[in-house]
Amino acid sequence: MKKSILAVILLAISLIASGCLTESGEQIITVQKKVEDQNSYEDFNTVTEKSQVQKAIAIIENANFENSKIEMARYADYQFQFQSKNNREGKIATYLLWVSSTGENIEIVTESENNNYVTLPKKDSEDLYEILTGEELTN
């Protein structure tokens, strides 16, 4: 009896350690960077750290997006998507990101029929940029 309980516990620990029992709602962020002088993007970063993903989601959810058909003067510097770990093809939304001309803020446009737009406050810009790129936002 003790051996079978020990075997079940060891099996459960190994499944958890190998990632087979992940939360069904876990998300990741995929980030692509603009290829210079082109309107195309290449894979740049994948954010999997749960606390960073949650912080990025909170920044986006709390942003004061405006419903605007704004036309940007140049192609976005980055684009990113929130995805479920279990279904990498099920993108929730695509966001286009520009670093402002002052380098202090980031501007985001949702890639949807509404084209919602926001300029994030400096602190949110710094935090989100670092989460997405692993680099500090320079001004």
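Contact here means heavy atoms within 4.5 Å. Leaving aside neighbours within four places in sequence, Ile-106 is in contact with Leu-97, Trp-98, Val-99, Val-118, Thr-119, Leu-120, Ser-125, Leu-128, Tyr-129 and Leu-137. The model is predicted, with local features needing pLDDT of at least 70 and side-chain atom pairs counting only at pLDDT 80 or more, while totals for chains, interfaces and linings use all residues. Residues are numbered from 1 along each chain as its sequence is written, and side-chain values use heavy atoms, with hydrogens and water left out.

A nonpolar core is a set of buried (under 20% relative accessible area, 1.4 Å probe, protein chains only) Ala, Val, Leu, Ile, Met, Phe, Trp, Tyr and Cys residues joined through side-chain atoms within 4.5 Å. The largest one has 23 residues, and Ile-106 is among those that touch the most other members, together with Ile-29, Phe-80, Ile-108, Leu-120 and Leu-128. Elements giving two or more residues to this core include strand E1 (27–34) and helix H2 (50–62); such helices (H or I, at least four residues) and strands (E, at least two) are DSSP runs, numbered from the N terminus. Another core, of 5 residues, lies apart from it and includes Ala-76, Leu-96, Val-109 and Tyr-117.

Confidence is given by pLDDT, the predictor's score for each residue from 0 to 100. The chain averages 82, and 76% of the residues score at least 70. Over residues 3–24 the pLDDT is below 50, and beyond near neighbours in sequence this stretch has 8 contacts in the model. Where pLDDT is low, the predicted coordinates should not be read in detail.

Terms used
Buried means under 20% relative accessible area, exposed over 50%, partly exposed in between (1.4 Å probe, protein chains only).
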